[in-house]
Amino acid sequence: MKSSSTTNHTNGYHDNGVSAQAKKQNDDISFTGLDKIHIQDSPNEYDSKGISLATWLRRKRAVTEALINISCSNWHLVAAEDASSKEYSQNHQHQQEEPPQTWQNQHQPGGDLEERLRVAISITKALDEVIRNGTVCSEGYLSSHFSLENIFLDISDDGYYDATFNRIDAGNITPSLETSTNELEMKNQLGYLGHILIAIFGAANSNYDTGMMIEQETVNEDQPKKKRGKQNWRTILDSSLPLYLTCLISSLLISNTKADDLREEETAVSCQYYESVKQVLQDLQIAAQKPEVYLKRTSHDINQCLRVPRDSFYGRTSELALAMHSLDTVLKFGQPVLCTVSGDAGTGKTTLLDQIKGPLKEAGGFMIRGKFDKATPPNTVIFSAINSFFGEIVKDGYTELQAELKLCITKSVGYGIGVLMSVIPNLQTLVGEYEYNSIDEYNIEVTVVSHQRWKFLLCRLIDAISDKSRPLAFFMDDLHRCDEVTLDIIQMIVMDPDIRYCLFLGTYRPVKSGVTKMLDSIKSHGVRVVSIKVSCIEKEAVNSLISENLCIPPSLCQSISSTVHSKTGGFILFAANFFQSLYEEGMIRFNLNTRNWEYNINDIKQRKLPADIVQHLSERMARLPKNIQSLLKTAACLGFEFDANLLQMAISVPMLKLVPYATESGFLREIPSSNKFVWAHDQIHLAAYELIPLNKRSSSHLLIATRIYMNTSSDETLSRVIFDVVNNMNVALHLITSQAQRNDVARLNREAGRKAVASSSFRTAAAYYIVGVRLLAGDCWTSNYEFTLILHQEASDVLFITGDFGNLKNVIDEQLSRANCFDDKLQAYYCLVLLLHATSNVKQAMEITRFILRELGATFPEATPDLIYRELLSTKALLANTSQQDLLKAPRLTDKRMLWTMRFMHKFMKYLFSTSVSVLPLVACRMIRMSSENGCSCDSAMGFHAYGWAAHNILQDVEEAYKWGKLSLLFPEILNSPALLPKLTCYFHSFTSFFKEPIQAS
């Protein structure tokens, strides 16, 4: 919609608090009131095409100068009031802000600058349309008519502009004839466009607005030529202009400058220039689309080091759409989705899924994320990730959310909260103190069942956290490093039918692992799985990376982006670090004179680059100062994620002040709301480790482990860092020659194994126990008997759980041959029975069990019907004189020999049920008698249940069977053995309950 020549063109400039007057040529600007600026224009400034660019610029400058005058007046007024105030002191004088100096202070994205950018786009678009007609202006025509007065702006109500050129008609346009002429005219047109853009964006000289610079290009031929036209723009171009626009304009003007007029620094490098107006238009439109990216930096900001942000994301439009669609499915329909991204190292898998954080946060959701690495036990990664999540919730002060989570977790998890608190400390901070009694009696079978309980409790916890009002993303990075146990836990969580508003995310590399098997199993159970495969990024993405980080137009960095892409193979991590290294080596530099980035493309092409990203990163780190390298090497030995306090313990001198340099360099990243750091990428972690010479790595690990161990002030501190100490020591075992020291390391491995078992990380625990056993000397059974025995006992338990039967057999044989007495061999015999049963040698297992019971004094005569009947009646009479409450409140069985007797009889009953069931009542009666006389144990519950079964089948006494079968269900709670409850419940409802209760009750 075109504006009338009599309309006041305020163009949306309504400024509050303004009261001043300014006059400029034919413009009469008066400020009436405090809320509006009324600009009265002379009638001759407009025609039917709109307002001329010259008038628009004069009015803009007049308004800006008026605003500056008012700001200066207000500044002096405030300063005078402060000076007269009683509270004013001499110390405050130097704290006053300087008054505004120029209109360039208005160059902020979202304000005056973006409106000028819209004007520039409209003019460039109009020029491009003229050129796209296949014609060019006649020679010399643009030089005299492509000026500010001949460009008119049609301003619409919504703030958009439509530019037209005055006096350009068919009579002034001739068809293009020769290519050389076209190229010359195109350079002229680009040069003239550059001058127009200077007038719009960056001229501080008021004379420039009248088109003087263009007129200087067409001086009279009789006058001597002066080097002023194309050189003056270097000083006229405003230094506070965004770097993006500075580079764009300077490139336009340099491309139209003769080689003789160029400065030395402008010819010393191979810079890329514009070839068409269409390229300029595209770059201006890109700046308008992303002002927060391209219009944020000026040439004054270049003193800051160039750093490629770690979380920058480029390309991968289709892959991102799949990930976002998965999130939408969870948010809209409440259907859990597993979205996985597979690809080689350095292809941007993690960064792709990180893009979900923004939309997830907008939906009121949260993310739990963990990363698996070689140094950290896989099972602990899940607990650590959940613990960090709760830590952020508590520290960030989500009061309402904390109350909601506390209620939901308490309701969903129940008594299991106490179990989870042992490995998720921040859960206790959120929920508060919760009564929990640990299991005092260690039982290998209870430990196995406890592992299943862990999985169930984790499912309930995730279900409690996720909800429609607070959707959850559960992100596990590098799944290919998981063991089977951890993958099984993840699979159970994903397949839980109660978990709905949760998006499961995972990344992995296409290597041999159990991830593919897990995904197939999840698919077969009806859970939607979205698999995304990524490889190298396209050249356009690398171009965007370079353009955004240098803040230069995309069209001007095509050559360098093509080179970087080809030399790095399109691996985004490799490309970003190679680009960063070019800046650090000075091959990309910023020239303050030309206000442009400079590089020699031929030098970059000849730059030798390792084929391996790790080697390249190591070479980049090797150029750092020695103290920074030492910090990185130490941190590399601590794993992918480490605590700042742990790093302080591992270094010889205070070096934490150097950590910010490592983070600014992009090597390390601080975890928000914590005192921890992580490596920006596992390949960067590996590169830092490669800095340590191969022949010094073992000694470095040993030195770090020793420093951490010596700096632990208490057992509690040692428990927190035990994995770090042991992992580093185990790398350098061959350097530990003293047997006393080897014994100490064996003890540390045992402590690490016990801590791993506490979190059900059995494979990790098994590795620690094996190392501990191998560190012992040949005479350990005589010189250090007690520790050697308990180490072998705990090792055999863990090895059975992990199924490492080869090492288990060796440990058992060692115990049986070297233990001093029969009682010390009982645990080894028990593991041997379990091993034989697991390997289908049931008959041999039963024979050994009978032998052990005979040695313990529990012999059983030949089972006849009369004997069985008498034993059952005798036991019934014994129980008739004992109340159930007395049994439950009776002291627990503590005699170790009797405890082993009860345990072997429990195991013996299992074999009898499938081989010689007639003997089973005799064993059950013996267990009840021992429990009533000496106290109950966990195994007593199975004795009472077996007695109930025999009372029903032999004595035909349903009441007796139901009474004592029901009692057996109370033992797990009374004796703090909840792992036995599922088995007892199954037995009771399978053999007894339906005689007294409806079948539905089972």
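**An aromatic pair**

Select Tyr829 to begin: with a relative accessibility of 16%, this residue counts as buried (under 20% relative accessible area; exposed is over 50% and partly exposed lies in between, with a 1.4 Å probe and protein chains only). The model is predicted, so local features need pLDDT of at least 70 and side-chain atom pairs pLDDT 80 or more, whereas totals for chains, interfaces and linings use all residues. Residues are numbered from 1 along each chain as its sequence is written, and side-chain values use heavy atoms, without hydrogens or water.

Rings of Phe, Tyr and Trp (its six-membered ring) pair if their centres lie within 6.5 Å; planes under 30 degrees apart are stacked, over 60 edge-to-face, and the rest tilted. By this rule there are 24 aromatic pairs. The ring centres of Tyr829 and Phe851 are 6.3 Å apart and their planes stand at 70°, so this pair is edge-to-face. Tyr829 belongs to helix H37 (residues 822–838) and Phe851 to helix H38 (residues 842–855), so the pair ties together parts 22 residues apart in sequence. Helices (H or I, at least four residues) and strands (E, at least two) are DSSP runs, numbered from the N terminus.

Next, select Phe366, Phe389, Phe390 and Tyr398, which form one aromatic cluster.

**Two packed helices**

Display H14 (residues 378–395) and H19 (residues 484–495), which pack at about 40° with axes 7 Å apart. Axes are lines fitted to C-alpha atoms, for helices over the stretch in contact, and angles run from 0 to 180 degrees between N-to-C directions. H14 and H19 are therefore oblique to each other (under 35 degrees is roughly parallel, over 145 roughly antiparallel, 65 to 115 roughly perpendicular, and the rest oblique). In this contact (heavy atoms within 4.5 Å), Pro378, Asn379 and Ile382 of H14 meet Thr486, Ile489 and Ile490 of H19.

**A three-stranded sheet**

Move to the open sheet of three strands, ordered S17-S19-S18 with antiparallel pairing (two strands pair if DSSP finds at least two bridges between them). S17 (641–643) and S18 (668–670) are the edge strands, each with a single partner, so one side of each has no neighbour in the sheet. Three bridges join S18 to S19 (residues 676–679), and these strands run antiparallel. Select Glu670 to find Phe677 of S19 opposite.

**The whole protein**

Finally, zoom out: the protein has 46 helices and 19 strands. Of its 1002 residues, 53% count as buried.
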